[in-house]
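Please open the structure in your viewer and keep the sequence panel beside it. The tour goes from one selection to the next, and at each stop it says what is there.

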Amino acid sequence: MKYNYNKNYVPLAQQLRKEMTPEEKHLWYDFLKNLPLTVNRQKNIGNFIVDFYIASKSIVIEIDGRQHEVLEHNEKDTERDYGLSKLGIKVLRYTNKSINKNFCDVCEDILTHLGLTWRDVRKS
């Protein structure tokens, strides 16, 4: 499904694609890129730029760094998740720590939400 987006955020989304965090790179290059679905990085949806978006499943994947632990940022995340849910999009959130310490568990959880198994993942 196509969504309206804020054209003013296009340059920022492009910059964020070029400057992914180490955890975003790890998830992208070692897992998401190999899925049998189209996964967009730093996708502009409405007034949001999401880390990863899988349109065919209406799922957003967000990787949260330490700044997301601060109450103010946490409240913004809740508002953002609510705004995306109103568009029919489910948000999956994982911390940098979970990416670094429990990568296989994160991948397994994503596969479950996508209705896929490890057999569905393409070999690089």
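**A parallel pair to begin with**

Select strand E3, residues 59-64, together with E4, and you will see two strands that pair in the parallel sense over 6 bridges. Within this pair, show Val60, which stands opposite Val91 in E4. Strands of a sheet pair through backbone hydrogen bonds, either parallel or antiparallel. Please bear in mind throughout that this is a predicted model.

**The whole sheet**

Now widen the selection to the 4 strands of the open sheet, whose order is E1-E2-E3-E4 and whose pairing is mixed. Strand E1 (40-45) and strand E4 (90-95) stand at the edges, and because each has a single partner strand, one side of each is left without a neighbour in the sheet. If you turn the view, you can follow how neighbouring strands of this sheet are turned against each other, by 45 degrees on average when direction is ignored.

**Helix H2 and what covers it**

Select helix H2, residues 22-30, and show side chains. Which residues of helix H2 are buried? They are Glu23, Glu24, Leu27 and Trp28. These residues cover an arc of only 130 degrees around the axis, which means that they lie on the same side of H2.

**Stepping back to the whole chain**

Of its 124 residues, 40% count as buried, and the chain exposes about 7800 Å², of which carbon and sulfur atoms supply 49%. Among the contacts with a separation of 6 or more, 62% are accounted for by residues 24 or more positions apart.

**Colour by confidence**

Finally, colour the chain by pLDDT, for which the mean is 86, with 85% of the residues reaching 70 or more.

Notes
Residues numbered from 1 in each chain as written. Predicted model: local features only at pLDDT ≥ 70, side-chain atom pairs only at ≥ 80, totals over all residues. Heavy atoms only, no water. Buried < 20%, exposed > 50% of the residue type's maximum accessible area, 1.4 Å probe, protein only. Contact = heavy atoms within 4.5 Å. Areas by Shrake-Rupley, 256 points an atom, 1.4 Å probe, with all protein chains shown as cover. pLDDT = per-residue confidence, 0-100. Pairing = 2+ DSSP bridges. Axes fitted to C-alpha atoms, helices over the stretch in contact; angles between N-to-C directions. Arc of directions from axis to C-beta.
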